Amino acid sequence: MATIRDVARLAGVSAGTVSNVLNRPSYVRSETRDRVMQAIAELDFVPDQRSRQFRPGRTRTIGIAVAELGNPFFVDVALGAEEVCREHDLGVVLCNSAYDPIRESHNLDLLVQQRVQGIIISPVDENSSRLEMLKDRGVPMVFVDRVGDDRDVWSVVVDDREGGRLAARHLVNRGHRRIAFLGHPHRSPKVKLRYQGARDVVDQSAGDITLELVSASSWTVEEGRRVGALLAARQEDKRPTAVFCANDMLAMGLTQELLRAGLDVPGDIAVIGYDDIEWAPLGAVPLTTIAQPREVLGRTAVEMMIRLIDRSEPLPEANHIVLKPELVVRESA
């Protein structure tokens, strides 16, 4: 069986460099990293997973890396996860990636250095090569809310396409014919599914219903305000009568700016959000939204991770749990 020194010898580097590639890859130049990874593949080297275990008597610890703790959605996911960890006497190392893929990579390095027994992640980049590397090394991982193209993973998500259908169906049933979708489906697989769900309903509906795609550069309240100003400046017959937003933060910013411009919500423009964060019912116009079971996402992810860590039963390579969204009707639509 190949050792780390065999890999170092074949790659022409030190054993410490091989260790860095395995545990802190962002610290190693890409050319050296590629050479080491090639040597690992040629020798079929497998790191000793026993070195990842804590000494007897120490609390087991898992890592949680979320895309953005500034978004209340991810805070609720983390709180749900922490609650189950506490029930099972599991320690938690929580990392905030702040929608930054480089910061996410460093956070993953940190979690590996901390010898966590598994990583629960809501990734910034679902198809990151860093995630693929950790998977190939046998690091237990559970993906929450976001899953990349590699389906041979464990994940818990919400049915975003159905969420899009729920929002669009509600607007169509309320008589809206000029509907807009505010988001960035070209940049986010989740937003793309929400947009596709809305498109499904519009395409299947009778009459001259339109669905306009209004691009957003981020998920923030500020971006919602920016778009709100643009829509308010349009002529009345050129404005949508309803806007389905990719998340609640956008919807709240959009609503604020429409009201500031003197428009009535929902009289002039109805607004639907997505997530049902804690603030959704607290605005000047309580927000109609698509609710995601946020804390259930976090709780389920930890329960899945415990199964992966304990290995007390035969486990499939892939395991996907899909939760259902719900329409929550308030005053904005």
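Residue V302 touches I62, A81, V84, C85, L90 and I120, leaving aside residues up to four places away in sequence; contact here means heavy atoms within 4.5 Å. The model is a predicted one, in which local features need pLDDT of at least 70, side-chain atom pairs count only at pLDDT 80 or more, and totals for chains, interfaces and linings use all residues. Residues are numbered from 1 along each chain as its sequence is written, and side-chain values use heavy atoms, without hydrogens and water.

V302 and I120 touch the most other members of the largest nonpolar core, which has 74 residues. Such a core is a set of buried Ala, Val, Leu, Ile, Met, Phe, Trp, Tyr and Cys residues joined through side-chain atoms within 4.5 Å, where buried means under 20% relative accessible area (1.4 Å probe, protein chains only). Helix α11 (residues 294-310) gives the most to this core, namely eight residues. Helices (H or I, at least four residues) and strands (E, at least two) are DSSP runs, numbered from the N terminus. A second, separate core of 16 residues includes I119, I121, V139 and M141.

The strands β7-β6-β8-β9-β10-β12, in that order, form an open sheet of six with mixed pairing; two strands pair if DSSP finds at least two bridges between them. Because β7 (210-215) and β12 (326-328) stand at the edges with a single partner strand each, one side of each is left without a neighbour in the sheet. Strand β6 (residues 178-183) pairs with β7 in the parallel sense over six bridges, and R178 has T210 of β7 as its bridge partner.

How values were computed
Buried means under 20% relative accessible area, exposed over 50%, partly exposed in between (1.4 Å probe, protein chains only).
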